[in-house]
Amino acid sequence: MDNRALTRAFKLAAQLMELHDENPFKIRAIEGTASALDALSFPVAEVERAGLPDRTGLSKTAAAKVAELLDTGTFSDLQRLLDVTPPGVVEMLAIKGIGPKKIRSLWRELGLETIEQLREAAETDQVSKLKGFGKKTQDSILEALEFAGQSKGKLLYPQAEKLGNELAQLLRDGLKTEQVAVAGEIRRRLEIVETVRLVAATEKPAAAHELLSTTAGLTSDPRRSGPFAWRGTATESGTPVEVLLVKPEDFTTEVFLNSAAEAHLSEQLTTSPAHQLTLRQLARREKFQQEEALYERAGLQFIVPELREGLGEIALAADKKLPHLLEDGDLRGSLHNHSTWSDGNHSIREMATWLRDHGYEYLGLCDHSQAAHYANGLSVERVRQQHQEIDQMNAELAPFRIFKGIESDILSDGSLDYPNDVLASFDFIVASVHSNLKMDEAKATNRLLRAIENPYTTMLGHPTGRLLLRRQGYPINYKAVIDACAQHNVIIEINANPWRLDLDWRWVRYALDQGVQLSINPDAHHTNGYEDMRYGVLMGRKGHLTKEMTFNAKSVEEAAAYFEARKASITPPLEYKKSLFE
């Protein structure tokens, strides 16, 4: 059980305690344990149980609960609450927008114990009549339930990748072969995976069926399976799993055919010697030992799986114009990071030294601005104090550099948080929307456009505010927003948090065509968050992103020069204030 799983268990216990109206002091203690676990940078599971209080800083009582959770998969307080709470009510705790107190009312006053009952009650206007709810809350519940229904059985890319890799290793070990590949949506690096698909070469498909059907965590579906395909679901998530069982000589062909979108496979080739064939027909007609050989036979540059979407990549490959895509090792710094000054789990020093020790050249610190009260946003005085700390640390850590940034809230009217003289004190500014997310396209777009036009905006953060599988983003006119960023020389982030991955990769090529630079930003609140940069790179690659167009692939000297030049080009704050607001 990793630290995140431990944290989730204690957060659930706190929610359940609030649901049952238990002692607020005990609830805060459980929440404190969750926060303490989340802030740790080492695997708690690897610590000797007797040494947990000293290593973690937890009280002996809290450490005992952690030890029990590690050893048994639960702890007494959590299990007691789960035993007296209907599973459907526990499931309701995951609904966005309603907390444990409201769920208690739904359960106790309306007798709702399942998601289905909640949906029916909302559809028949029973929920709005409860004290503290109303029509607006009822509509929000219905919207959240609709979104949750659409998301059921789907996985974020990292979750699917982990499951796919585990199944691949299971098959390699069980079938005694290396000819096993994770294919499908995972290999194409899609941000949301609906089916976990693998291809395995074997002369004994029955043995593979027996192996998969007897593996804990998988549920077989014999009706959808066949002699050469095992189909079922991942029991916990309900995600469909498909394992294609092929002859060894057909392995490369089947991996290829199951690692590309239909539009990629069915586009007619115009390159000799494969004229008037599609890639599917070519793959079926000849035997190939490597995918590279197949593309060479088609007269094309090799197209990596993440580009196989049928979005013009074949024409580029035919003209030998596919770009050299961004790689993990190209990144030189990490921008958009949070510290304990706002809602982060680690200090500036901890965030900076982790990056330095892992070969990066700079940290862009972007704690929340003052309007973000919920996230301990920085007052003007705290901004000044933070800048003093950064100056001291830069003197100590040089040549590593900490840039003074802020994630400035884009307010409802599109203005940035803080007066201009405060905005002018930062090296760079990431402008993001965090509040009043219920907007139509025109309002959301205009709000972003005004922020982009502000000369202090260096970068646009998570443009749609989406949380994949949790919350739809607000609708925007992508072209208008990207065109405005091009006009005002504003960088757009690809927020690499797997829940966001925003800017959507489908708009990366358009941004590049307009000359807009992109930045792979982890939005890290913990040193573990730096691992997410990999997912941002994958999404950038799907949009043909190159090192040259990635802002944080610049060296520390290049980034510093860019920030300084941009600040120097800004109209002095007072004159700007007159021209824009008077």
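Is C366 buried or exposed? I looked this up in a predicted model. C366 has 0% relative accessibility, so C366 counts as buried.

**Cysteines**

Next I checked for disulfides. I took a disulfide as a pair of cysteine sulfur atoms within 2.5 Å. By this rule I count 0 disulfides. C366 is in no disulfide, and the nearest cysteine sulfur, that of C485, is 16 Å away. I then looked from the other end. For C485, the closest cysteine sulfur is in C366; at 16 Å this is too far for a bond. C485 has a relative accessible area of 1%, so I note C485 as buried.

**Helices α1 and α2**

Helix α1 covers residues 3–19 and helix α2 covers residues 24–39. Their axes come within 8 Å and cross at roughly 165 degrees. Angles over 145 degrees count as roughly antiparallel, so α1 and α2 are roughly antiparallel to each other. I logged the crossing of α1 and α2 as left-handed.

Which residues of α1 and α2 make the contact? From α1 I listed N3, L6, T7, F10, K11, A13, A14, M17 and E18. From α2 I listed K26, I27, I30, E31, T33, A34, L37 and D38. I sorted the residues of this contact into 9 nonpolar, 3 polar and 5 charged.

**S59**

Where is S59? I found S59 in the loop between α3 (52–56) and α4 (60–72). Its relative accessible area is 44%, so I put S59 down as partly exposed. I also checked S59 against A444. The two are 385 residues apart in sequence. In space they are 47 Å apart, C-alpha to C-alpha.

Key
Residues numbered from 1 in each chain as written. Predicted model: local features only at pLDDT ≥ 70, side-chain atom pairs only at ≥ 80, totals over all residues. Heavy atoms only, no water. Axes fitted to C-alpha atoms, helices over the stretch in contact; angles between N-to-C directions. Helix = DSSP H or I, 4+ residues; strand = E, 2+ residues; numbered from the N terminus. Parallel < 35°, antiparallel > 145°, perpendicular 65-115°, else oblique. Left-handed = near helix turned anticlockwise from the far one by under 90°. Contact = heavy atoms within 4.5 Å. Nonpolar A, V, L, I, M, F, W, Y, C, P; charged D, E, K, R; others polar. Buried < 20%, exposed > 50% of the residue type's maximum accessible area, 1.4 Å probe, protein only.
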